Amino acid sequence: MQHDQRVREVADLIEVAHGPVDHLITSAGILQRKLPPEDLPMAHWDAVTDIDLRGTYLSCAVFGSKMAARGHGAIVNIESITSFRSSPLHAYGPAKAAVLLNCRSLPR
Amino acid sequence: MNRLVTPDEVADGIGFLLSDAVRAITGIVMPIDAGWFVWEYLG
């Protein structure tokens, strides 16, 4: 789900095989090592945000745009307690919090 | 409730959010957490 074109291809393949997708449930979340900021490699930070935030947004954008074009459909994003409060997960928490705001912002 | 939520309970909540019963609801955040948030607020 990190690769834009692959996600679009998968969405098209599902549509051809099964028809339009009315429901999307996102649950992407790779956990991170619990490290203080000075020890948390940015490559790890990037990997976590890439899947948890970017990948989730991409799925919502691809499948949700098709739903919007058809005029119906629903998406449920599974969040985390770290979407709401501070935690020592400095990549996972902000990524999950951002997904929550996407969930509020994307519907139309 | 003093317990963790189960995967089945999360699935039931998702089923509710995808059902016709909530066709006029969108863009909401609904805790399915066996009361963890309430617990915090009420101490």
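Residues are numbered from 1 along each chain as its sequence is written, and chains are lettered from A and ligands numbered from 1 in the order in which they are written. Because the model is predicted, local features need pLDDT of at least 70 and side-chain atom pairs count only at pLDDT 80 or more, whereas totals for chains, interfaces and linings use all residues. The model has an ipTM of 0.86 and a pTM of 0.91.

Chain A contributes 9 residues to the contact and chain B contributes 7 residues; two residues are in contact if their C-beta atoms, placed from the backbone, lie within 7 Å. On the side of chain A that touches chain B, at least two residues each come from strand 1 (23-26), strand 2 (74-77) and helix 3 (92-105) of chain A. Helices (H or I, at least four residues) and strands (E, at least two) are DSSP runs, numbered from the N terminus. Helix 3 of chain A supplies the largest share of that side, 3 residues.

The largest nonpolar core has 7 residues: Val48(A), Leu53(A), Ala91(A), Tyr92(A), Ala95(A), Val99(A) and Cys103(A). Such a core is a set of buried Ala, Val, Leu, Ile, Met, Phe, Trp, Tyr and Cys residues joined through C-beta atoms within 7 Å, a buried residue having 20 or more other C-beta atoms within 10 Å of its own. Helix 2 (42-70) and helix 3 of chain A each give two or more residues to this core, and helix 3 of chain A gives the largest share, 4 residues. Beyond its neighbours within four places in sequence, Ala95(A) is in contact with Val48(A), Thr49(A), Asp52(A) and Leu53(A).

Definitions and conventions:
A residue is buried if 20 or more other C-beta atoms lie within 10 Å of its own, exposed if 12 or fewer, and partly exposed in between; C-beta atoms are placed from the backbone.
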